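Okay, thanks for making time, everyone. I'd like to walk you through one structure today, so let's get it up on the screen.

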Amino acid sequence: MRPGDMLYEGKAKQLFLTEDSAVLRVKYKDSATAFNNQKRATLEGKGEMNNRISTFFFELLNKKGIANHFIKAISPLEQLVKRVEIIPIEVVVRNIAAGTMAKRLGIAEGTKLKHTIVEFYYKDDALGDPLITEEHISVLELATPEQVAQLREQALRVNEVLSAFLLELNIILVDFKLEFGVDGDGNVLLADEISPDTCRFWEKETGERLDKDRFRRDMGQVVEAYHEIWNRLGGK
Ligand code: C5P
């Protein structure tokens with residue numbers, strides 16, 4: 001493969017090689033998928049919003065000393081990121097019951113959890129990304145116990161920074177999903193994206209959903225909601 005070649009195409013992003021073997025170019029797509037690809041649509045403008053919002057959050061986390069793969073944004077749809085080997089675990093942090101947790105455990109959506117929780121899901125489309133425990137991670141050799149401890153610790157730090165920041169903007173961070181990778185030196189690095197596709201954002205006063213649930217639940221005004229997040233972050 002040569003610089004410029006596409007290394008990987010995911011549901012919402014494409015990854016390209018660059019001249020530097022340690023750097024990849026990410027291009028955000030306008031496609032939206034939900035329920036393990038069963039629901040699909042093209043939402044014009046979503047890619048740009050996710051690139052901008054994700055860039056904002058990665059820069060904020062960098063400033064707060066939380067290392068991540070982000071290098072810089074290079075166009076409305078593209079970023080340069082450090083190349084990592086993605087750990088096949090989706091790390092979900094929850095402050096308030098919603099989505100699959102509310103459904104699985106029979107908790108009313110919107111119930112504040114007694115304390116923040118971290119969940120792990122096996123990143124495997126064929127299996128439908130099942131919920132897994134640390135013992136499953138060990139048996140499947142998805143990560144070492146030390147790495148799992150780092151995933152948990154970094155995810156909770158991200159939650160602290162983003163929750164506090166967003167609350168100032170009257171946005172409640174209900175839950176979110178993170179992915180991590182391992183760089184060439186063996187460091188665990190926050191990767192992927194942080195956007196309304198991967199977080200639940202609720203407007204504090206109205207409870208309005210400003211995230212991908214608008215797409216999942218056919219609520220309409222999806223990209224408009226992403227714009228609202230971007231506006232509150234100071235975007236133009
Ligand atoms: O669907 P569920 O309630 O488990 O999602 C928890 C959080 O993780 C939500 O913010 C959702 O957007 C995010 N998520 C994701 N990608 C997945 C599964 C969940 O970004 N494959």
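Let me start with a quick one: is N37 buried or exposed? N37 is exposed, because it has 10 other C-beta atoms within 10 Å. The cut-offs here are 20 or more other C-beta atoms within 10 Å of a residue's own for buried, 12 or fewer for exposed, and partly exposed in between, with C-beta atoms placed from the backbone.

Before I go on, some ground rules. This is a predicted model, so local features need pLDDT of at least 70 and side-chain atom pairs count only at pLDDT 80 or more, while totals for chains, interfaces and linings use all residues. Residues are numbered from 1 along each chain as its sequence is written.

Back to N37. You'll find N37 in the loop between strand 4 and strand 5 (39-42). When I say helix or strand, I mean DSSP runs, H or I of at least four residues for helices and E of at least two for strands, numbered from the N terminus. The phi of N37 is near 80 degrees, positive in a residue other than glycine. Most residues other than glycine have a negative phi. E141 also has a positive phi, near 55 degrees, and is not a glycine. E141 is in the loop between helix 3 (134-140) and helix 4, and with 7 other C-beta atoms within 10 Å, E141 is exposed.

Okay, zooming out. The protein has six helices and 14 strands. Its C-alpha atoms fill a box of roughly 50 × 45 × 35 Å along the principal axes. A compact globule of 236 residues would have a radius of gyration near 18 Å, and the 17 Å of this protein agrees with that. That radius is taken over C-alpha atoms, and the globule rule is 2.2 Å times the number of residues to the power 0.38. Of the 236 residues, 34% count as buried. Among contacts with a separation of 6 or more, 54% are between residues 24 or more positions apart. A contact here means C-beta atoms, placed from the backbone, within 7 Å.

Now the domains. We've got domain 1 (6-82) and domain 2 (85-221), with bounds from an automatic or database domain assignment. Taken over C-alpha atoms, their centres are 17 Å apart. Domain 1 puts 20 residues into the contact and domain 2 puts in 23. On the side of domain 1 that touches domain 2, strand 4 (31-34) and helix 1 (46-63) are the elements giving two or more residues. Which of them has the largest share? That's helix 1, with seven residues. By class, that side of domain 1 has twelve nonpolar, six polar and two charged residues. Nonpolar is Ala, Val, Leu, Ile, Met, Phe, Trp, Tyr, Cys and Pro, charged is Asp, Glu, Lys and Arg, and the others, Gly among them, are polar.

Let's stay on helix 1 for a moment. Helix 1 has 18 residues and reaches 26 Å from first C-alpha to last, close to the 26 Å expected at 1.5 Å a residue; the expected span is 1.5 Å times one less than the number of residues. Its buried residues include M49, I53, F57, F58 and L61. Among the elements covering the buried residues of helix 1 are strand 3 (23-28), helix 4 (145-167) and helix 6 (222-232). After helix 1 comes G65, with a positive phi near 80 degrees.

The buried residues of helix 4 include V148, L151, V158 and L162. They pack against several elements, including helix 1, strand 9 and strand 12.

Last stop, the ligand. What comes nearest, out of the 14 residues around the ligand? G99, T100, K177, T198 and R200 do, where being around the ligand means a C-beta atom, placed from the backbone, within 6 Å of it. Strand 9 (89-96), helix 2 (99-105), strand 12 (171-182) and strand 14 (199-203) each supply at least two residues of that shell. By class, the shell has five nonpolar, three polar and six charged residues. As for R200, its C-alpha is 7.5 Å from that of D213, 13 residues apart in sequence. D213 is in helix 5 (residues 213-216) and counts as buried, because it has 20 C-beta neighbours inside 10 Å.

Definitions and conventions. Contact = placed C-beta atoms within 7 Å.
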